[in-house]
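Welcome! Open your viewer, get the selection tool ready, and we will take a walk from stop to stop.

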Amino acid sequence: MPKPPPAVATAAASADVIEIERALSRVAYLSSRVRPHDRLMSQAGVSLDRAAVALLRQIADTEPQRPSELANRLAVEASHVTRKVQQLEKSGYVTRVPDPEDGRAQRIQLTPVGRRAIDRIRDASRRGMRAALADWSPQDLQQLAALFHRMVDDFLGYADSDAVITTERPA
């Protein structure tokens with residue numbers, strides 16, 4: 001019989017947790033809007049949709065991966081990645097290479113064109129971020145970066161656990 005996942009008891013969310021969740025929702029909303037994406041693509045001199053950029057960023061951050069691994073990392077269906085890889089391959093941004101662990105499988109890697117495109121996108125994105133945070137002190141920026149990385153690591157650790165959220169009820 002399988003063991004039930006551990007329960008994570010939660011009391012009412014603190015005001016800080018509520019504000020963090022609100023801020024993250026705002027960031028997610030702002031980052032998914034079309035106009036900022038189009039502006040970023042214009043500044044980078046690249047014409048790619050948001051899904052293609054997310055896929056190229058993931059490929060650039062890792063060794064060549066199988067499409068199924070990319071889908072898992074991006075939390076999308078493998079068929080979405082397969083279609084997007086085909087489009088990016090036709091445009092010259094990615095190529096397929098043999099998987100050294102399994103000769104029947106293939107991994108996806110950036111081409112030099114893909115590497116230049118993602119470098120331009122990241123450069124334009126960083127310029128925009130520098131401009132938006134220009135009034136922040138170096139210490140504040142360092143603290144924000146550290147806390148963001150810590151939060152993401154904790155989110156990933158929680159997502160990989162078998163924890164189930166339950167609500168404590170007063171006795």
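Before the first click, here is a term for the tour: a residue is called buried under 20% relative accessible area, exposed over 50%, and partly exposed in between, using a 1.4 Å probe and protein chains only. What you see is a predicted model, in which local features need pLDDT of at least 70 and side-chain atom pairs count only at pLDDT 80 or more, while totals for chains, interfaces and linings use all residues. Residues are numbered from 1 along each chain as its sequence is written, and side-chain values use heavy atoms, with hydrogens and water left out.

**The whole chain**

Start with a cartoon view. Helices (H or I, at least four residues) and strands (E, at least two) are DSSP runs, numbered from the N terminus. The protein has seven helices and four strands, and along the sequence they follow the pattern β-α-α-α-α-α-β-β-α-α-β. Of its 171 residues, 22% count as buried. A contact, here and below, means heavy atoms within 4.5 Å. Among contacts between residues at least 6 apart in sequence, 56% join residues at least 24 apart.

**Stop 1**

Select Thr95, which sits in strand 2. Is Thr95 buried, exposed or partly exposed? With a relative accessible area of 28%, Thr95 is partly exposed. Leaving aside residues up to four places away in sequence, Thr95 touches Glu89, Arg107, Ile108, Gln109 and Thr111.

Now click on Thr111, in the loop between strand 3 and helix 6. Thr111 counts as buried, at 16% relative accessibility. With residues up to four places away in sequence again not counted, Thr111 touches Gly92, Tyr93, Val94 and Thr95.

**Stop 2: helix 5**

Select residues 78–90 to see helix 5, which has 13 residues. The expected span of a helix is 1.5 Å times one less than its number of residues. Helix 5 reaches 18 Å from its first C-alpha to its last, close to the 18 Å expected.

Which residues of helix 5 are buried? They are Val81, Lys84, Val85 and Leu88. Look down the axis of helix 5: these buried residues fall within an arc of 105 degrees, so they line one face of the helix. The arc is that of the directions from the helix axis to the C-beta atoms.

Just after helix 5, Gly92 has a positive phi of about 85 degrees. In the loop between helix 4 and helix 5 you will find Ala75, which has a positive phi of about 55 degrees although it is not a glycine. Most residues other than glycine have a negative phi. Ala75 is exposed, with a relative accessible area of 70%.

**Stop 3: helix 3 against helix 5**

Show helix 3 and helix 5 together. Their axes come within 10 Å and cross at roughly 90 degrees. Axes are lines fitted to C-alpha atoms, for helices over the stretch in contact, and angles run from 0 to 180 degrees between N-to-C directions. Angles under 35 degrees count as roughly parallel, over 145 as roughly antiparallel, 65 to 115 as roughly perpendicular and the rest as oblique. Helix 3 and helix 5 are therefore roughly perpendicular to each other. Here Ala51, Ala52, Leu55 and Leu56 of helix 3 meet Val81, Lys84, Val85 and Leu88 of helix 5.

**Stop 4: helix 6**

Finally, select helix 6, residues 112–132. The buried residues of helix 6 are Gly114, Ala117, Ile118, Ile121, Arg122 and Ala124. They cover an arc of only 160 degrees around the axis, which puts them on the same side of helix 6. On the other side, Pro112, Arg126, Arg130 and Ala131 are exposed. The buried residues of helix 6 have a cover that includes helix 2, helix 3 and strand 3.
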